[in-house]
Each structure stands twice: as C-alpha cells, then as structure tokens.
Amino acid sequence: MESTQLALLALLTPLLSATVIALFLRRAGALASYLSTAAAGVVAIAALMLAYGGHRFDASAEWFTFGEFTLSLGIKFDDLAALMLAVVGVVGFCVHLFSLGYMHDDGYRARFFGGLSIFMFSMIGIVLADNLFMMFIFWELVGFSSYLLINHYCLKQSAADASKKAFIVNRVGDFGFLIGILMCYAAYGTVSLNELPDVIAGGAMMSAVIPLLLFCGAMGKSAQMPLHVWLPDAMEGPTPVSALIHAATMVAAGIYMLCRIEVLMVADALNVIMWVGTITALYAALCAVVQSDIKKVLAYSTLSQLGYMVAAFGLGSYQAAVPVEIGHADGSMQMGEVFIMVGGVGAAMFHLTTHAFFKALLFLGSGSVIHGCHHEQNIFKMGGLSKKMPITFITMTIGVLAIAGLPFLSGFYSKDAILHLAGEQNSTIFAILVVTAVLTSFYMFRMWRITFFGEARSDEAKKAHEGGLTMTLPLIGLAILSIVGGYTGHNGEGLIYGAAFADVWSQIPHPAGIGVFIKSIAILAVGAGLAFALYKPGPSDGLATKVPAAFMGLTLLKESFDKGYDYYVAKIQDRFAMVLNFLEQILLSGLIIRGLAGVVGLFGLGARALHTGSLHTYVYWFLLGAVLLWGFAGGLF
Amino acid sequence: MDLLLIAIVSPLVLALAMVLGLPKALARNLAYVGFAIPAIIGIVLWCQFGAATKESTYAFLTSYDTGLSGLGINLTLGLNGISMPLFVMAGIVGLAAGLYALQSAAERLNQYVTLLLIMQGGLMGVFASVDVFFFYFFHELALIPTFIMVGIWGGRDRNYAAMKMTIYLTVGAMLSLIGLIAIYYTSGAQTFDMIALREAIAADGLSTVAQRNIFGLLMFGFGILVSLWPLHTWAPLGYGAAPSSAAMLHAGVLKKFGLYGLIQVALPLLPEGAEHWAVILATLAVVGNVLIIGIVTIAQRDLKQLVGYSSVMHMGYAFLGVACLSVVGVGGVVFMMVAHGFSAALLFLLAPSVHHRTQTFDLDEMGGLVKHAPILAAFFVAATLASIGLPGFANFWGELTIFVAAWKVFPTLTVIAIAGVVISAIYGLRAAAKVFFGPQTEAFDKVLEEKPATDLTWSEKLPALLLLVALLAFGFWPKLMTDSINESVAEIYPAVESAVPGDVARN
C-alpha cells in the first residue's frame, strides 16, 4: 500500500468506527467495544508499518480557498511524526484492550468506545498535520473528545464540572494559540510546517511573540502553569481515559507541537518555556505528595513529568552559528552570523516516549487496582494488594521504578538526558529538576507502599482480585516497553526503535561515565528512603501526623490555584456579567427604546398609529403602500 | 420551467389554498409538499450551479414583467455564488421548521402553518431576487408573518416582544428602504436591477459624499435587522417569546437579509462609503456584539434568552467580516451566515424540546436530563459545540476565515473577537451542563413525577437531524460551498478592495 493511503487508513479508520457506533451501535455496547478496539488495532498496525517501513513523505490537498487565503490539509510524515504516531498507536491499542475488561459492566460502553475512537482520529490528525491551521483543527477536536470522555459519568456534578473546566481552560490556551497562528500567517505568509523553515532560512524577522503565543496552546493542552488546573480534575473520567488521554498522548501533544514549530523559536521564547516547564515540574511534584486518591497522585505526577518535557525543550540542545546575509536599509548586503537556538527536541521527545509507556502502565495499573477494589480510589483504604493482585503489583512496580529513574529502565535514560542538558545550561534549573526527581521518587514509593503493602484496610480491598486477560496483557506489554524503551544509541538507533527515528534520537544528549548512575541511584534512594521513613501502610497519612505543618502547607499550595480561579469566576467574571446584564436590561430596554419611540413619533401620525396600534395596522399600511405603488407604476395617477 | 419561481410560489400557493379552506387533513399533507419543494429545488439548483452559464455572476436568470417596469422594477430571479448557498440554506431550514411545526401541538395549527408557508415563500424570494425592489418586498412578506406569529403563538411577554420587534424591525427596514431608493436615484440608472445598477455605477461611480450617506443609512438599517449592537435589544426578547418554528426561520434565515444586503448591494455599489464606515462597524460589532453581549450571555439564566443572546453575539463575527471589505472576509461571512442559519435554527428547535420535558426555561431548575433524553442531549451538545465554533461543524470555517481576514485590517479588534471564542465556550458549556448533566434538581424531580420525560420523538428528531447533517457536511467538506462563493465574490469585490487603501491599512 502506498504511504499516503496507509496514513489515511490510520487517520480515518477510527473516524469510521466512531460514526458507525454513533449511528448504529448505541445500544450494542459489546459490538461497539470490539469495533473500536479493532479500529485501534488497525491504527497500531498501520502506525508501525509506516514508522518502520521507511515511509517518509509529504502530501497536501487544498481544502478551500477564499481570495488569497487557501486552507489546505496535509500530512507531514518525518521521523518525528513517525515516532509520535507509533507511540499513539501502541499505547492507544493497549488502552483499548484494557478498556474491554475495565468497562465491561458499564451501561454506556458504546458512548465510551465511540469517544475513544473520536479521540484516536483527532490525535492522529495532530500528529500528521502539515500546517498549523490543520493542527489547530485537530487540537480543538482532541479537546472535544477529552470533554466527552471526562464527562462519561455525567450525572455526577463533579464530572460535569471537570469536563467543562477542561474544555474552557483549553480554550483559554487556544485563544493564544490561534492568535499566534494568525500572526505567523501574517508575518511569514504561510503556516505550512514544510514552508516555514525555508521562509525563516530566507532571513525573515523572528520575534519571541509568535512562539510564545503558540506556546499558550501547549500550556493549555499540556497543562502547564497556570493553565494546569484542569488536569487533576480530569481524573473524573474513567481510568483508561486518564491513561490514554490525560497521561500518555493528548497532554503530550503540547510538547509535540513545540517540537513541530522548533524552527520559530528564539532564545527569549525558549527561556520562558524552560522556566514554565521547570516551575510546573516542581509545583506538581509537591502537590502529588499530599494526594490520597491514587489517580490524583498519578495526575500530579503527569503534570510534573510534562513540566520536565517542556523544560527539556526550553533548555535547548545546542546553539548553532549560521552564516547569513543581512540586508541593510540602504540596500547593501553584509555577511553576518546568526545564533540559532535549537529547542531540545531529542530529550523532550525521548522523555515523552518513555513517559507514555510507564505512565500509561501506572494508570492502567491503578485502573486494575480500582477495578479490583470495586471503584475504591483512596490509597489509605487499600493495602495488602501485592498478594491479591500479583501481576498488577509486579508491573506497577516496574512502572514506579521506571519513573523514579532506576538505572537500566527507560525513565532513567530519558530523565538523565534532561538533567544532563540542565546541568550544562543552567545550574538553577538543574537544582530544581533534581529536587523534583527526588520528590518523584518520594511520592511514587509512598503511593506504592501504601497501596500494596500492609493489611487490607477496607472490605473492598479484602475482596480485591485480578482482572481478566484483556486487563493484564496490556499491563505486561507496557511493562516490557517501560523497561526497554530507553535504549537508544549515539547514532540515533535504538533497541526497539531500530533506525526508524534516527532524526529525533540523534538529538538526544548522552551523558557518559559512572557519575550518571551514582546520581540517579542517589536521587532514587533519597526519595524512596524518605518515603519509607515517613509512611507506613496504614489508614492515615504519615506526613499529616508527623509533620502537620508541611502537610498543611502543601495542601494549601495545591488548593491555592483552584481557590484563586473559583474566586475569579464567581466574584469577578460572573459579577461583571451580571452588572453588564443589568445595564443591558435597564439602559437599552428602558431608556433607549423609549427614546427611539420618541424619535419615531416625528415620522408623523401615521407612523405613530403604527407603533401604538395593533399589529394589524402595520399589515394594512403595508398593503396600502403596495397598492399605491402598483397604481403609481401602472400610471393610474 | 423556472425552478426559482416555483420555489417561491409553491409555498405561497399552498398558503393561499389553506386560507381558502381546504379540508384540514389534506391541507396539512399538502403543507409538507409546500415546505419540501423549495428545499428540493434548492438542492437541485445547487447541483446544477457549477455548470450553469452565468451572466455577471448570476445563473438561472429569468425576468417577469409585473407591471412595474415603468419604475425600472421587474421580477428578475437568479442566483450567484453569494445567494445560492443562502437559498439552499433557506430551503433546508424552512423544511426543518415546517416539519417541526406540522408535528407540533400548536393551537390553530392551520393558521400557524399558513403563516409559516408565507414566510417560507418570502425567504426563498429574498435570496432569489436580482431586483433590489423585490429583494426588499420579499423580506417584508416574510417579516409580517413573524410579527403575527410572535403576537399570537408567542410565549411569555409576547405582546411586548411583538411590539418591540415590530418597532425595531420596521425602523430598520425603513432606513434600508430609504437607502435603497437613494441608490436608485443617485445612480441615475433608474432601475432596481442589481446587474444594471452594478454596471451603471461601475461606469460612473457615485460621489463620495453620496456613498458615505447612503452606506450609513444601509448600515444602520440593515444593522437593526441583524441586531447590531446597540440596536439589538429586540432580538433576545423577540426570540425568547417567538414560537419555535418562527424563531428558527427568523434567527436562522430572515435575519441574514441585512447581512446579505450589505454584501450583495451595499459593499459592491458603495465601496467608498463602506470604507468610511468600516472601522465604526467593526468596533460596534466586536466590542458591542462579541464582547459585551458575549459577557451578558454568560449572565443569562433563561435558556431561550441565552440562545437568543448567543445568536446576537455571533452576528458580531459576521459584521466584522463585512467590515474587512475583502474577498476573504466576505467569503467567511457568507459561509458563517449559512452555518449560523443551521446552528441557530437547531438551537431554537431544541430549546422548546427541552422546555417540553422540563416545563421551564430556567437553567437553575434543570439538571440530569441526559438520563431521560440522551439523544436530545447529544443533539443539544452538538448544536452548542457547532455554535461555539468547534471544528467539524460548519461555523468553524466561517469564524476562522473571518479572523484571518480581520487580522490584516483590525488586529486589536481581532484579538477581542477571538476572546469571544472563550466567552462562548463558557456560556455554551455551562448551559449544556446545567440542562443535561449533574444530579437532578428537586424542581425537576417534581416535574418528572407529573410528566415523565421521554427522549426525542421522530417529529423532533427528523428536522434536527436535517440541520445537524447539514452542519457536519459543510463542516467536513467546506468546498461544497466555498468554490462558488469564492468565484462570485472574487468577481464582484475587486472594486471594493481597490477602493480601500489596503496597503496603508494593512501595514
């Protein structure tokens, strides 16, 4: 099959699946789930064929034209897109498979699987997009599918609120994103990812405004501060959704988008991006420490890791001096050098990939735990699950070790690449990221210990059991990927990647020497040691009893943003709306209409009759006018 | 056979037949035909449009002498790339409104349907007329039944609403009539024929002063009809009171008369006047319609008022596109008009369906309706997302194109306009959440005890499906419409674009 057809197959199969489910399978949950999973299987196969089969191509079709504005839809399939597509395909299929078991008894299974299919369609659209308008279209569509899936348990007020919040906060980010796209179009005359590098290389003016506005989109989608507030709430959705959309793929789309527009970056913009990512990483890690809901721990962990990726991109991998011709106002030309700051695509995408594997694993593992414990999500009410759910326990342990950065697991390599970058570029950032890494290890081992060890602390936990094969297989698959996903070499090749993503992998910095191992083991040991010292498997939070001040401080830190936003919405936005509405009703409905009626009075008695009399008067006036006109035209008078 | 004439006349003939006292059952069955014919003809002509021979952008031209040729008035019918999409939209929305009305339990149904048929005939006439006089005449023909329907079949405050609508819309129509007559005289062409007027003015343009004055009249006249801020207050009130099918046809289709007039008549004939007023128009539209009305919409607690205000808000985007005075801007507006026609009609169809089940329009007394009416919820959420410009629905392309065009001319205003995208998400999703999601309120529990809620019936589902399919079709495949729009606009608009000192404005 041709490359383009294969890519279109990957894109359109989920759309077809969603359409069929919406039209015919609303009441046939089982069929819908099989169809959607089969579609995800097709996507995974097509994605792997495209990625590993050497298909690299560009294709584009004009979608519509008004005057000089042409909007086209197209595919840009390079190593970066191939990598992202492979991740989406593989993780997507694992999550679909897991959902077969997890959602088996859900009354609205069809809607759920339809939503997953729409999500796959939209996400693949982002991956393939060859221009920013197209990316924006699918960007909004993933927002919609996220809305739909967070709102799955829509009779719960919290789910209804969370879905609304997710969509609106994302739109705030998209506000900046869209302005950035329009500015990019106005400044460079194109938004095509293929043409932009040529325009830039041609010496076009660069500014920090455009990349930063585009970054607003990433801040919304990848939940960077201060637009991170929607992601913890998004845990209201079913757990497989959290794994796929709110951990592995959609929230990583912001990082993917940044890598796509790397050519637009300037040093100032990268600096801002680096700091936003770093602060998010630290803040979220601190919040994760005081969560008692297993999914919320993972949600803040995701935020923190996304911050890592954003920081990695902002750190940049190298600075290149490129000779260019500089034109002067008087027309003379001069040779000069321009320092091109290059975003840290390699390290960011590397961590995105490994994170997709181990975080999807952790979320699906938590889903398995929640499923096993009959929808209990509080870790303090679990306990003793290591024996009752051995496969979940072992795979999740691998996930915890991977995210904590145990040497030879995937997270070790990708996190180390980022720390290495930070160490070279900026010691403050390096210090913050190391603290974050310690915290990561700390809160992950806290969760792991309290969940799996000790006595079962509730009836649900006592009756816990392992899910079926569809639930354990994806866990095993993702656990394997979490181990081997980190092996890449200096030449851009990798153990499971082959040479397929050489363009991306060759940009990964590879720190050498024994120090790397020591550093990582130290970080892990300090975090884990603290966690073991502070927390014992029991019904209460160890930190809250031993260091209550720290616990309260962290809780306050976590809640401050939500409180701030709630205050803004209730006290500022809604009040302002009410005041405006009041003015609208009083001024416009009251005064102006009276005033206007007065003016109309000047039209004379006839017009007055028209407004104060009955409706029928108007009809008669109209008919009379028509008759008179006809008569006049016909020459009667 | 002149299909355009049949599309206009057949609803009118059936309305007449109903008045003359056909047996009720027969009359109702015939009324289906009366609503179906314009829609079918619209689609047939749409398919033929690309290959049809065109004269000055118009295809299917025919002319009838009505005895008014002494005044330069002939019933000249035809469609160009601007009117054709609107003609098709009017046909489809009319069919949906008719189907909904015929299955409704309205009192004195026959009279109600008769008025709707008259309105439908007028609407088809508006967009098929090449003659400015008949363009105006058909508008009035469609407008009068609206007033009567609001006054008789309306809901809360119907008398006040009908009166207010009548005053505002009459003033608006009068101002625009004065403007149109002024064009007739000052052009010296002594004709209302659009093509002849365009040629006459192209040969010998109007003076700048005349252009400015006439455009001002048309802008405010048409502006009132399209609810330009601050002349919009009739709209939320009127739509709040109007019976559903009347609101569908007015908000969806008839309201577009003003925008259509600006695009088809005012801008091409009065380019310098347009340039003079463009900044004012754009500012009123963006600051007034989009920002102020957008925020006012957030404060609404009545579902129908909310839908009415959101419709006023979205007209701001259309005015902004008009004020760009460019092919891109106007193309976006035409697309937006069609899309908004479908989405506004759909929302005005679904709001009473919600009321039917909750017995209230008060958002605070609803909640959890999705449990009882999942399909209604799906339609409503889809309509909401369409109207707030989610890609995949037609509205998105219109908004996006307008933003692209506006960025070149009014960057600051465009930023405010894009902020409207966030505002509309806030009120749209809030409304959807309050009606359908979350736990049931006590008030709704009580209503359910007396009258258990059911999901959408086929008589509601069919017209809703018609509109939703149209929104999705144009949303996924905009080329269905854009090619012909672009062709006509590009031919008519060079005069406008060259009149604007664009390079100054754009740098």
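Student: How many helices and strands does the secondary structure of chain A come to?

Tutor: The secondary structure of chain A comes to 26 helices and four strands. Helices (H or I, at least four residues) and strands (E, at least two) are DSSP runs, numbered from the N terminus. This is a predicted model, in which local features need pLDDT of at least 70 and side-chain atom pairs count only at pLDDT 80 or more, while totals for chains, interfaces and linings use all residues. Residues are numbered from 1 along each chain as its sequence is written, and chains are lettered from A and ligands numbered from 1 in the order in which they are written.

Student: What makes helix H3 of chain A largely enclosed by the rest of the structure?

Tutor: A residue is buried if 20 or more other C-beta atoms, placed from the backbone, lie within 10 Å of its own, exposed if 12 or fewer, and partly exposed in between. In H3(A), 23 of the 24 residues are buried, so this helix is largely enclosed.

Student: Why is His375(A) called exposed?

Tutor: His375(A) counts as exposed because it has 9 C-beta neighbours inside 10 Å, and the limit for that class is 12 or fewer. The residue is found in the loop between helix H14 (345–372) and helix H15 (385–388) of chain A.

Student: Why is Ser56(B) called partly exposed?

Tutor: Ser56(B) has 16 C-beta neighbours inside 10 Å and therefore counts as partly exposed. Ser56(B) lies in the loop between E1 and E2 of chain B, and its phi, near 50 degrees, is also positive in a residue other than glycine.

Student: How many residues of chain B are in contact with chain A?

Tutor: Two residues are in contact if their C-beta atoms, placed from the backbone, lie within 7 Å. By that criterion, 58 residues of chain B are in contact with 50 residues of chain A. On the chain B side, H17(B) gives the largest share, 10 residues.
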